[in-house]
Amino acid sequence: MTVEAAVAIGTLVLVASAAIGAVATVMASVRCVDAARELARLAARGDTERGMSAATGIAPGGARMDVRTEGDTVTVVVAVAPVGLLPMEVSGTAAAVVEPGALPDPGALPDSAPADDAATGVAARDAAPDPGDDAAPDVGDADGAPP
């Protein structure tokens, strides 16, 4: 075997490895976007645990998932290093608005957000009537006499 053939074979192996790595990276990126979209959709409906389970099945192995709730928006980032030999990471990001009536998981709420009453679904800001609200019906005096 000549030196030229050895160099040619080495070059072919290198090019084939790069092509396979590129395809693996693109596939991992698409799977990260799909997993992020599914997790964001289910988290916005208040079902983060089921979303994590579904996203784990969709995402490539070893993916990191980050769920953040800011205001009424759920943002999800799914990231993975597709080729172990390269210090490169691909990610997919998705956002969804929390659906009306959905109760996000308490762990997903930031500390500054008011927690909802799980039993009634009423937000803390809506639970107490406004003291200056004159539209509240009168129920009578303390002795039970009608107004």
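Is Asp47 buried, exposed or partly exposed? Asp47 is partly exposed, at a relative accessible area of 28%, where buried means under 20%, exposed over 50% and partly exposed in between (1.4 Å probe, protein chains only).

## Basis

This is a predicted model, in which local features need pLDDT of at least 70 and side-chain atom pairs count only at pLDDT 80 or more, while totals for chains, interfaces and linings use all residues. Residues are numbered from 1 along each chain as its sequence is written, and side-chain values use heavy atoms, with hydrogens and water left out.

## Helix α1

Helices (H or I, at least four residues) and strands (E, at least two) are DSSP runs, numbered from the N terminus. α1 has 42 residues and reaches 61 Å from its first C-alpha to its last. This is close to the 62 Å expected at 1.5 Å a residue, the expected span being 1.5 Å times one less than the number of residues. Gly46, with a positive phi near 90 degrees, follows α1.

The buried residues of α1 include Gly21, Thr25, Ala28, Cys32 and Leu39. The buried residues of this helix pack against α2 (48-58), β1, β2 and β3, with contact meaning heavy atoms within 4.5 Å.

## Nonpolar core

A nonpolar core is a set of buried Ala, Val, Leu, Ile, Met, Phe, Trp, Tyr and Cys residues joined through side-chain atoms within 4.5 Å. The largest one has 19 residues, and Ala35, Ala36, Ala40, Val74, Val76, Val78 and Val80 have the most contacts inside it. At least two residues of this core come from each of α1 (3-44), β2 (73-80) and β3 (90-97). The largest share, eight residues, is supplied by α1.

Leaving aside residues up to four places away in sequence, Val78 touches Cys32, Ala35 and Ala36, among others. Its other contacts include Ala59, Ala63, Arg64, Met65 and Val90.

## Salt bridges

The structure holds five salt bridges, each a side-chain nitrogen of Lys or Arg within 4 Å of a carboxyl oxygen of Asp or Glu. One of them joins the side chains of Arg64 and Glu89 at 2.9 Å, N to O. Arg64 lies in strand β1 (residues 64-70) and Glu89 in the loop between β2 and β3, so this pair ties together parts 25 residues apart in sequence. Arg64 is partly exposed at 49% relative accessibility, and Glu89 is partly exposed at 48%.

Asp47 pairs with Arg50 (3.4 Å, N to O), and Arg50 counts as exposed at 52%. Arg68 and Asp66 meet at 2.8 Å, N to O; Asp66 is partly exposed, at 30%.
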